[in-house]
Every structure is written in C-alpha cells, then in structure tokens.
Amino acid sequence: MVNPVLLIVVPLGLAFALPLFGLISKKIIKFIPVVAFIFNLVISSLLIPRVLNHPIVISIGGFPPPFCINLVAGPVGILFSTLIALAGLLVSIYALSYIKEGPEEKYHILYLLLLTGATGVVLTGDIFNLFVFFEIVCISSYSLVAYMGDKAGTESAVKYLIQGSVGSSFLLIGIGLLYGLFGTLNMADIAQNITSISPLSIFVPLMLIITGLGVEAAIFPLNSWLPDAHSSAPSSISAVLSGIAIEVGLYAVIRVIFTIFGGSSNIFMFLLFLGILTLLIGEMSAFSQKNVKRMLAYSSIGQIGLIMFAFSIATPNGVAGGLFQLVSHTLSKALLFLAVGYMIRRTGSMDISTFEGMGKKMPFTSLAFTIGAFSIAGLPPFIGFSSKFLIIKSALEKQDVLFTVLVGLVLLGTVIEGAYFFRVVQVLYFKGENVNLERKEAPVTALIPIFILVALIIGIGVYPRLITNILKSGASELLNKVEYIRSVIG
Amino acid sequence: MRSIVSIILIAIIALGITLALIVIPFGEPKTEVGKYYIDKGIEDTGAVNIVTSVVLNYRGFDTLGEVTILFIAAIGIGAVLATQKKRKVEKKVTPASLILYTGCRFLFPLILLFGIYIFIHGHLSPGGGFQGGAIIASAFVLIYMSCQGRRLPVTLTKAIESLGGLVFVIVGLIGLGLGGYFLLNFLPEGVPNTLFSAGIIPIIYIAIGFKVGLELTGIIDNLIEKS
Amino acid sequence: MDLLSNSNVANFLSNYIYYIGAFGLVSIGLCIILIKRNLIKVIIGLSILDTGVNLFLISVGYISKGTAPIFSKPGLDSARMVDPVPQALVLTAIVIGVAVLALALSLAIRLYHHYGTLNLRKIKEQRW
C-alpha cells in the first residue's frame with residue numbers, strides 16, 4: 001500500500017531541490033513540475049479504489065492520533081488530490097512554452113509549492129496543519145499574481161495580500177479560541193467534544209474561521225480581490241487560481257462546517273443564503289464585463305456560490321452534486337483560461353471585441369473555448385450539465401418551498417451565464433474579421449492539455465458513471481461525522 | 001464615514017470575542033494533550049526542552065510547512081523584484097564611521113558563534129533553528145551596514161538554502177523507510193541533557209538554522225539592493 | 001460597592017490583562033488597516049495585528065505561577081509547567097508573519113516604482 005504522505009512530500013522535496021537542478025542545467029527546470037505531477041497523479045489514482053469505503057489514516061511521527069498530526073486520506077481527500085495533480089500536470093505542460101519571460105526558475109518553484117500546499121490542505125486531519133498549508137497556498141499565490149511585474153499585477157497582488165493576511169489572522173484567532181475551549185487541535189477530537197460547550201460560545205470561533213477561510217474561498221462580501229487578481233495574473237496561473245486555489249479554500253470551509261461543527265440547520269441556512277447571494281452577484285457582475293479574464297473571474301465567483309448552494313442542501317445527493325460541480329468547474333475553468341491565454345497573446349489585449357473572427361484564425365483554440373463555455377453554462381453533452389442537473393434534482397427532492405424558490409434563482413443565474421458566454425462565442429465566430437492576424441494556431445504544448453481537458457469534459461459528461469462511485473463515498477464521508485471520528489480515534 | 005464603520009465593526013468583533021473568552025479562564029490547569037507531552041516528552045524523544053520536542057517531533061509537519069513558507073517568501077521576493085533595476089553603484093552613500101566599521105567586524109564572528117550555539121543546543125535550553133537563524137542573519141546585516149558593498153555570494157546561499165530544506169525532507173523519508181512513519185525518530189535517544197541526545201532533532205535544527213539565517217540575509221539583501 | 005473595590009479590580013486585571021492587551025493590539029491593527037491610506041502604514045498595521053494574535057495564542061496556554069517546560073535538572077516538578085503546544089504554534093505563526101511582511105514590503109517597493117506614490121486612494125488603476 002502506498003503511503004499518502006508521499007503525495008505531499010515528494011513534490012516538496014523536488015521543489016527544494018529545484019534550485020540545485022538549476023545550477024546544473026537551466027533546461028531541465030521546466031520539466032520537474034511535470035515529473036512531480038505525473039508521480040502524484042499515478043499515486044492518487046492507485047489510492048482511489050482503496051479509500052472508497054474506509055479512509056486511510058496516517059500519523060506523522062508514529063504517535064497515536066490526538067497527540068500527533070495525522071493525515072486522513074478519505075474519498076474526498078483523494079478525489080481532490082487527483083484533481084489537483086491532473087490540473088497541475090496539464091497546466092505545467094501548457095507552461096512549458098507559455099512562460100518565456102521573467103525569472104522562470106522561480107515561477108516553477110512557486111507553482112510546484114502552490115499545488116503541494118493545496119494537496120496538503122485536502123489531506124490533513126489537524127486544524128493548525130490546515131492553517132499552515134493554507135498559508136502556503138496563499139503566499140505562493142500572492143507572489144505568482146505579481147509575477148509579471150507590471151502595474152496591474154502588482155496592484156492586485158497588494159490588495160490580495162492585505163485582505164488575505166487579515167483573513168489568516170482571523171483564522172488564527174479562531175483556532176486559538178478552539179484550542180482554549182477544547183484543549184486539542186485534532187479535527188476528530190474537537191468534533192467528538194463539540195457538544196460539550198454551549199452553542200453561543202461555539203458561534204464566535206465558527207464565524208472567525210469561516211471569515212478567515214472565506215477570503216480565499218471567495219464568499220460574498222470577502223471576494224473583492226478576486227477579479228483583479230485573476231485577471232492580472234499570467235493565464236496559466238489564473239487557471240490554477242480559479243480552478244484549484246479557491247476550491248481548496250471552499251473545501252476547508254466545508255470540512256470545518258460538516259466535520260468539526262457538526263451541521264446544524266442554522267449553519268446550513270446561513271451557507272444557503274451566502275451561496276445564493278454570491279451566485280447572483282457573481283453572475284450579474286460578469287454580465288457587464290468587457291475584459292474577458294475579468295468576466296471569467298466573476299464567473300468563478302458565481303460558480304462558488306452555486307457550489308455553496310449545493311452543499312447547503314445537506315442530503316447525500318446534494319453533497320455529491322456539490323463535489324461533482326467542483327470537479328466540473330476545475331476542468332471547465334482551466335480549459336477556458338488556457339484557451340484564452342494564447343488568444344490574448346495573439347491579439348495583445350484582453351478586450352472581448354478584439355477577438356472578432358478568432359474562430360477562423362485559431363480554430364482549435366476557439367472550439368475549445370466554446371466547449372468550456374457551454375460546459376460551465378450547463379449544456380447537455382458536457383460535464384457541467386450532469387453536475388448542475390444533479391444539484392437541481394437534489395434541491396427539488398427536498399420538497400421544501402424555500403428550496404424550490406431558490407432553484408428558480410439558480411436557473412436565473414444559469415440563464416445569465418449562458419447569455420454572457422454566448423456573447424463571446426458570437427464574437428468569436430459570427431462577428432467580422434480582424435484582418436491583421438494570419439491563421440496560426442497555438443503551439444503543440446498548449447494544444448495537448450487543451451485536448452485532454454476537452455476529452456475529459458465530454459467523456460465524463462456523456463458517461464458520469466466514471467466518477468459517481470467516488471462522489472457518493474465522498475458525500476457519505478462528509479455527512480457521516482461519527483464514521484470519520486471512529487476511523488481516526490477509534 | 002469610513003472611520004465610523006470601521007470602529008463599529010471592530011466593536012462588534014471585540015464583543016464577540018469577549019463572549020467566547022468568558023469560557024476560557026486564564027491560568028487554568030493544563031489540557032490533556034499538554035500534560036501528555038510534558039509527562040512523556042523525555043521518554044519518547046530524549047529532548048529535555050519540551051517545546052522543541054513538540055515543534056520537531058510531535059508536530060514536525062507544521063515545522064516543515066513553516067520552513068517551506070520562508071522559502072516561498074525568499075523566492076517570491078526574488079521573483080517580484082527581479083525586473084527591478086539594481087541600485088546604481090555611484091549613488092552617494094556615506095561610508096560607515098570608524099567605530100561602526102571596527103566594532104561590526106569585531107562582533108561578527110562572536111554573534112555568528114552565539115547563533116550557532118543557540119541552534120545546536122535547541123533541545124537542551126530555550127532556542128532552536130529559527131531563533132539561531134535570526135541571530136546569524138543579524139550578524140550578516142551588521143556587516144552590510146558597516147562594510148558597504150560586501151555581499152554574500154549568490155550561488156552559495158542558494159545551494160545551502162536548498163540543501164537545508166532537502167535535509168529535512170530526506171531525514172523524514174528515511175524515517176518513513178525505516179519505521180513506516182514519516183519523521184519517525186530513528187536515531188538513538190541517548191542520555192537526556194547531553195549534547196548528543198534526542199535523535200534526529202539536532203540534525204534537523206542545524207539544517208534549519210543555517211537555512212533560515214541565509215534566507216533572511218538574502219531577503220534583506222534583495223530589499224536593500226533593489227529599492 | 002464591593003464589586004468595584006480596588007483589590008477586586010486589580011485581581012480582575014491581573015487575570016485578564018493579557019487577553020485585554022492582545023485584543024487591544026488586534027483592534028489597533030485592524031483600525032490602522034481599515035483607516036490609513038499610506039501603504040507602509042497599512043503594512044505596519046498588519047504587523048501589529050500579527051503581534052496581537054500571537055500574544056493571544058500564548059496567553060491561552062498559561063498556568064498561574066508556571067515555569068518554562070524545560071527539564072534542566074532531572075526531577076523538576078512537572079505540575080507547574082506551562083502548556084508547550086501554544087508556544088510551538090506561535091513559533092510557526094511568527095515565521096509566517098515575517099514571511100508575509102517581507103513579501104508586502106517588496107510589493108511596496110515595486111508599487112512605488114510604478115506609480116510614484118504610496119497613497120492607496122490614488123492606486124486604483126483597475127476599473128470596475
């Protein structure tokens with residue numbers, strides 16, 4: 001049996017060794033993240049069949065669980081780490097020729113460490129360890145947003161840094177309060193003792209932790225950094241930030257709410273309210289954008305709102321739908337950003353009106369963009385349709401008037417999404433022609449990941465049974481707190 | 001307007017936190033986890049400084065994350081300031097006075113020695129890798145202040161930083177290979193309260209100490225040169 | 001009014017002075033970040049916020065009249081030793097705070113190079 005610690009430790013070791021490789025030869029630096037993520041992908045896929053029923057619990061240092069840090073590689077954790085490894089691999093292949101200027105060695109180290117931190121967040125079972133790995137994700141993303149060194153990038157990075165650091169401080173206060181109340185930092189241990197303290201005292205640490213994690217997860221009032229940061233980062237980084245970093249933040253919020261604080265109906269109402277608010281504000285703001293990357297960033301905010309709505313349904317189908325939507329968002333949003341990256345490089349500007357006639361100049365890339373757009377809007381043969389359908393079906397199954405009304409709002413959000421994506425597709429294919437460009441496709445290293453993402457989107461969309469097993473196990477792990485506690489502490 | 005909103009917000013937060021703190025009395029008896037660490041600390045790890053055994057043995061993964069964060073900060077600063085032009089050499093800088101110049105050169109090896117003492121004795125007295133590393137960095141900053149223009153060679157610092165991190169990861173992996181747990185304490189524990197005790201803890205602290213010292217020096221170097 | 005007599009107030013203060021101090025620092029830091037316009041002052045506010053949080057974390061683990069958890073002589077009384085876990089947490093938190101501070105300062109250098117000013121009201125290139 002392979003030890004899940006290797007998923008975190010091997011990329012970390014490679015990242016530390018990367019400057020040494022750089023001293024030997026500059027050409028092999030770009031390939032080391034590719035190697036690291038191939039390794040991660042292989043190990044995660046090997047672990048999937050083993051964790052479907054029972055999570056693997058590893059203790060670091062050999063001591064029994066509440067007295068040491070432990071990793072809990074359950075179905076949700078391994079699903080996420082496979083997704084992170086897959087997305088990381090594809091974007092690092094894309095970056096082989098996309099990143100040409102600037103200090104490349106530092107880009108690859110920061111990129112590798114961002115994804116290692118993300119893998120650490122999803123696999124850990126200890127709340128202070130969650131904070132440390134979460135900080136790894138945040139600090140690498142601050143540096144990567146400012147990587148290009150231009151005006152927009154630096155300004156967005158400063159805003160992101162200040163908001164992110166205040167959020168982290170709140171998270172740390174919340175963790176300190178939890179330690180003072182319960183005397184332990186292990187998630188399963190806190191979950192076991194959560195009912196022994198009155199709900200009023202629990203309320204404040206819960207709010208502080210959700211606020212702290214919510215800055216990175218882009219929940220409604222805390223996401224003003226997101227449009228700036230995601231639009232001024234280089235496109236490969238935008239793909240990883242939108243596809244992985246905010247989802248890992250949302251995973252942390254979900255893990256804290258479902259596993260540590262139990263899930264009372266009050267919390268779910270609060271999550272539902274925030275989710276719908278985030279969804280509507282994200283979609284409506286995206287509708288009025290003229291800059292294509294800002295539009296995609298606001299669309300990410302909308303999708304996070306939808307995922308929060310799905311999780312607040314709190315039935316097995318609803319939680320499975322939320323996990324499915326997370327997978328579909330990563331794949332589709334990464335595809336969109338990767339396709340847009342080269343289009344922007346060809347026209348030199350991010351304004352949608354300059355993409356007129358791209359359908360003929362870069363046919364494969366535009367087709368990929370269209371497929372990604374249709375998938376996020378939720379059209380039939382793609383993965384976005386299957387995930388949205390599952391969410392709406394589970395909301396209607398609840399037989400509650402409130403949920404039916406909110407399903408109406410979700411559908412309204414979907415219509416707005418469709419509208420602004422169709423507008424871009426129309427400009428790509430049906431508007432005039434930009435005569436200054438000749439017909440030249442993106443390089444091969446960019447087309448390989450785009451092709452693989454398109455294949456996955458269509459494949460899983462047509463045949464969702466490929467991943468429903470692991471989604472259902474994940475849903476039952478999140479909803480069934482007692483099982484989790486028993487498998488860690490015994 | 002903005003000030004009023006901020007003050008109201010902060011008042012709400014303070015009120016909330018006070019509500020939560022009423023349940024946590026100050027100076028109460030220890031938690032179960034704390035008591036376990038103090039009672040069993042020496043048997044399990046051999047280090048008499050219980051905080052060190054918590055930092056490196058029981059919660060060693062957090063320390064690995066922390067070392068990574070400092071590494072990311074150093075690399076990130078290098079990346080952000082990479083396109084900034086270096087400070088021109090002809091800029092008028094007043095050279096340091098004779099007292100500063102002589103004093104710093106005299107104190108440099110002593111401070112360096114003190115820093116190394118602190119992290120080598122991390123398991124015996126208060127101290128450890130990060131503290132010792134900060135002291136080493138302050139020694140180098142004294143040299144930057146007094147002898148303008150002398151810098152550490154870049155390749156050497158990069159190599160030692162990477163090696164420091166790699167040593168930590170490799171020690172953990174050896175523990176994984178030998179005992180089945182990452183960061184298992186596989187070296188003999190020795191007699192408590194002597195220098196050669198506590199298994200892998202002194203080795204890791206030496207690696208961390210040099211790494212942190214050179215990293216902090218590199219950060220200050222970058223900030224001075226490129227501003 | 002026995003409640004407000006000097007010794008009661010002094011008792012209360014000596015018990016909770018660390019918490020009050022820590023949250024005072026946190027509030028001051030938050031005020032600075034929300035109100036001030038100069039980027040360097042905001043960064044200093046961030047640092048004060050971090051200090052406040054670290055002080056709060058350490059004071060959670062205190063035992064009245066406790067000593068440091070180091071067995072410098074064999075057979076020291078272990079019942080009066082302070083909790084070692086918050087100290088380990090604060091070690092990590094201080095290093096994280098330093099890392100973020102250094103990164104923020106380098107971004108401030110870069111921002112000054114681009115805009116020529118550090119006034120946050122004027123650095124608003126990104127429109128809605």
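Reply: Let's start with what a patch is: its residues have over 30% relative accessible area and no salt bridge, with like charges joined within 9 Å and nonpolar side chains (Val, Leu, Ile, Met, Phe, Trp, Tyr) within 5 Å. A salt bridge here is a side-chain nitrogen of Lys or Arg within 4 Å of a carboxyl oxygen of Asp or Glu. The accessible areas come from the Shrake-Rupley method with a 1.4 Å probe, and for residues only the protein chains shown count as cover.

Two bits of housekeeping. This is a predicted model, where local features need pLDDT of at least 70 and side-chain atom pairs count only at pLDDT 80 or more, while totals for chains, interfaces and linings use all residues. Residues are numbered from 1 along each chain as its sequence is written, chains are lettered from A and ligands numbered from 1 in the order in which they are written, and side-chain values use heavy atoms, leaving out hydrogens and water.

Now the patch itself. A:F364, A:L367, A:V444, A:I448, A:F451 and A:I452 make a nonpolar surface patch of about 520 Å². At least two of its residues come from each of α15 (363-377) and α18 (444-462) of chain A. Those labels are DSSP runs numbered from the N terminus: helices are H or I with at least four residues, strands are E with at least two. The largest share, four residues, belongs to α18(A). One residue of that helix is A:V444, which is exposed, with a relative accessible area of 59%. On this scale, buried means under 20% relative accessible area, exposed means over 50%, and partly exposed is in between (1.4 Å probe, protein chains only).

A:P205, in helix α8 of chain A, is a buried residue, with a relative accessible area of 0%. What does A:P205 touch, leaving aside its neighbours within four places in sequence? A:P205 is in contact with A:G174, A:L177, A:L178 and A:L181, where contact means heavy atoms within 4.5 Å.

Next come two alanines worth a glance. A:A218 isn't a glycine, yet has a positive phi of about 65°. You'll find A:A218 in the loop between α8 (199-217) and α9 (226-232) of chain A, and it is buried, at 0% relative accessible area. A:A314 also isn't a glycine, and has a positive phi of about 60°. A:A314 is in the loop between α12 (292-313) and α13 (316-347) of chain A, and is partly exposed, with a relative accessible area of 24%.

On to the neighbours. The size of an interface is often given as the accessible area lost when the parts come together. Buried area, in that sense, is the accessible area (1.4 Å probe) that two parts lose on being put together, summed over both. A polar contact is a pair of N or O atoms within 3.5 Å; within protein, one must be able to donate a hydrogen and the other to accept it, and residues adjacent in sequence count only if both atoms are side-chain atoms.

With chain B, the contact takes 52 residues from chain A and 48 residues from chain B. Together these two chains bury about 4500 Å², 80% of it on carbon and sulfur atoms. On the chain A side, A:F16, A:F63 and A:F67 lose the most area to chain B, together 17% of what that side buries. Two salt bridges are counted between chain A and chain B. A:D126 forms a salt bridge with B:R59, with the closest N and O atoms 2.7 Å apart. There are also four residue pairs in polar contact between chain A and chain B (both at pLDDT 80 or more). The chain A elements giving two or more residues to this side are α1 (5-24), β1 (56-60), β2 (69-73), α4 (104-123), α5, α6 and α8. α1(A) gives the most, with 12 residues.

With chain C, 39 residues of chain A are in contact with 36 residues of chain C. The pair bury about 3000 Å² between them, 75% of it on carbon and sulfur atoms. In chain A, the residues losing the most area to chain C are A:K151, A:E155 and A:Y179, together 20% of what that side buries. On the side of chain A that touches chain C, α5 (127-145), α6 (151-182), α9 and α12 of chain A each supply at least two residues. α6(A) gives the most to that side, with 20 residues.
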